[in-house]
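Reader: I have the sequence and the model open side by side. Could you take me through the sheet and the core?

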Amino acid sequence: MPFAPLPFRIARRAAAACLGVALASAPAAADVLARIDQSSQRMRVYVGGALAYDWPVSTARRGFVTPNGSYRVGLMAPMWRSRKYHGSPMPHAMFFRGGYAIHGTYATGALGRRASHGCIRLSPGHAAELFHLTRSYGGARVVIRN
């Protein structure tokens, strides 16, 4: 490698030092948290601790269960078909506990009331937004309460 003049080497070191300081002071990636309240049939999505979205959902209807608890999103699929319920479409599916998922639904008229077999249903647009947000932040936590 040819010898660089002294002013160039000093400028390069100064730029590297500034970049290091800028990277060290940059905020860490914000966490995504989806809080589902089954009594109100609402999902509130927080990014970095701040409320970003408040959407109606559908959780389990009578005879079915949406599990309460705290989970991490695992498998994510832009389009999934239910293996249990006749290949029903589950757009923007984000699985959080075995076969339970947050996903879009085309039955948007049922949002805001209990209607699912246990999954958490969102409108297709909201499911897509949450899916892309979760992917861009490298995951999400899901907290479900009655």
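Reader: In which sense do strand 7 and strand 8 pair?

Author: This is a predicted model. Strands of a sheet can pair either parallel or antiparallel through backbone hydrogen bonds. Strand 7 covers residues 100-104, and three bridges join this strand to strand 8. The sense of that pairing is parallel.

Reader: Which residue of strand 8 stands opposite Ile102?

Author: Ile102 is among the residues with the most contacts inside the largest nonpolar core, and Ile120 is another of them. Ile120 also touches Ile102, along with residues including Ile36, Met43 and Ile144. The residue opposite Ile102 in strand 8 is Ile120.

Reader: Which strands are the edge strands of the open sheet?

Author: The open sheet has four strands in the order 5-6-7-8, with mixed pairing. From one strand to the next the twist averages 35 degrees. An edge strand here pairs on one side only, and the two are strand 5 (76-81) and strand 8.

Reader: At about what angle to strand 6 does helix 2 run?

Author: Helix 2 lies across strand 5, strand 6, strand 7 and strand 8. Relative to strand 6, its direction is at about 50 degrees.

Reader: Which element gives the most to the largest nonpolar core?

Author: That core has 22 residues. Elements that each supply at least two of its residues include strand 1 (32-37), strand 2 (42-47), strand 8 (120-122) and helix 2 (124-136). With four residues, the element that gives the most is helix 2.

Conventions: Residues are numbered from 1 along each chain as its sequence is written. This is a predicted model: local features need pLDDT of at least 70, side-chain atom pairs count only at pLDDT 80 or more; totals for chains, interfaces and linings use all residues. Side-chain values use heavy atoms; hydrogens and water are left out. A nonpolar core is a set of buried Ala, Val, Leu, Ile, Met, Phe, Trp, Tyr and Cys residues joined through side-chain atoms within 4.5 Å. Buried means under 20% relative accessible area, exposed over 50%, partly exposed in between (1.4 Å probe, protein chains only). Contact means heavy atoms within 4.5 Å. Two strands pair if DSSP finds at least two bridges between them. Axes are lines fitted to C-alpha atoms, for helices over the stretch in contact, and angles run from 0 to 180 degrees between N-to-C directions. Lists of a residue's contacts leave out its neighbours within four places in sequence.
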